Amino acid sequence: MTWVDEDVLLDVLNSTPLVDGVPQDLLADPAEARAWLRQRGGEGSAQERDAVREVRDALQGVLRGALPVSALGPFLEGAGCRPAMSEQGVEWSLDVLPGRAMSVGVVLAWDAVRRARPGRLRPCANGECRLFLLDRSKTNRARWCSMAVCGNRMKARRHYQRTHQPPAG
């Protein structure tokens, strides 16, 4: 995993979806979490799983406005950067405590997105959805994690409400 990986950031944030109305945690089962973490460049250790779950919960709280940004500070404790020269120039290596590389990378990715694209990482506008989206559109008007799922549901719901309202009076 690179330090700033927006796809991993979104995958971590979206690892607690609702499936048929039931909250899920894709990192709850140790064996499934190991595979999930490895697919995203992690080591798959229990320590990494715990760290990623903790940073995910804190970051979801920050993005939903339930926690202050300072809640992410403890996840960076013990992290540092080390420069090295290569044929391409200066390259930086992330120094972290064992099992913390992915969780630190998620915080760094969040910060990079926050700085480069303010307001574009946000919860889905469907109140019944627990997912997040990174609006990469030119107009910054995306509202749903998926137009095919949440967008369609919300538009269909609004249409139904408009066409099935009892007459006023």
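Predicted model: local features only at pLDDT ≥ 70, side-chain atom pairs only at ≥ 80, totals over all residues.
Biologist: OK, then what lies over the face of W36?
Modeller: That's R40, at 3.9 Å from the ring centre of W36.

Biologist: And which charged end sits over the ring of W110?
Modeller: The one of R114, 5.3 Å from the centre of the W110 ring.

Biologist: Switching to the inside: which residues touch the most other members of the largest nonpolar core?
Modeller: W110 turns up again there, along with L9, L59, L72, V106 and L121; the core has 26 residues.

Biologist: Let's zoom in on L72. What is it in contact with, leaving aside neighbours within four places in sequence?
Modeller: L72 contacts A58, L59 and V62, plus V107 and W110.

Biologist: New topic: where is N14?
Modeller: N14 is in the loop between α1 and β1 (18-19).

Biologist: Buried or exposed?
Modeller: N14 has a relative accessible area of 19%. The cut-off for buried is under 20%, so N14 counts as buried.

Biologist: And what does N14 touch, not counting residues up to four places away in sequence?
Modeller: Its partners are L26, L131 and F132.

Biologist: Last one: which element has the lowest mean pLDDT?
Modeller: Helix α5 (residues 147-163), with a mean of 57, whereas α3 has the highest at 98. For the chain the mean is 87, and 83% of the residues reach 70 or more.

Technical notes: Residues numbered from 1 in each chain as written. Heavy atoms only, no water. Core = buried A, V, L, I, M, F, W, Y, C linked by side-chain atoms within 4.5 Å. Buried < 20%, exposed > 50% of the residue type's maximum accessible area, 1.4 Å probe, protein only. Contact = heavy atoms within 4.5 Å. Helix = DSSP H or I, 4+ residues; strand = E, 2+ residues; numbered from the N terminus. Lys NZ or Arg CZ within 6 Å of the ring centre and 35° of its normal. pLDDT = per-residue confidence, 0-100.
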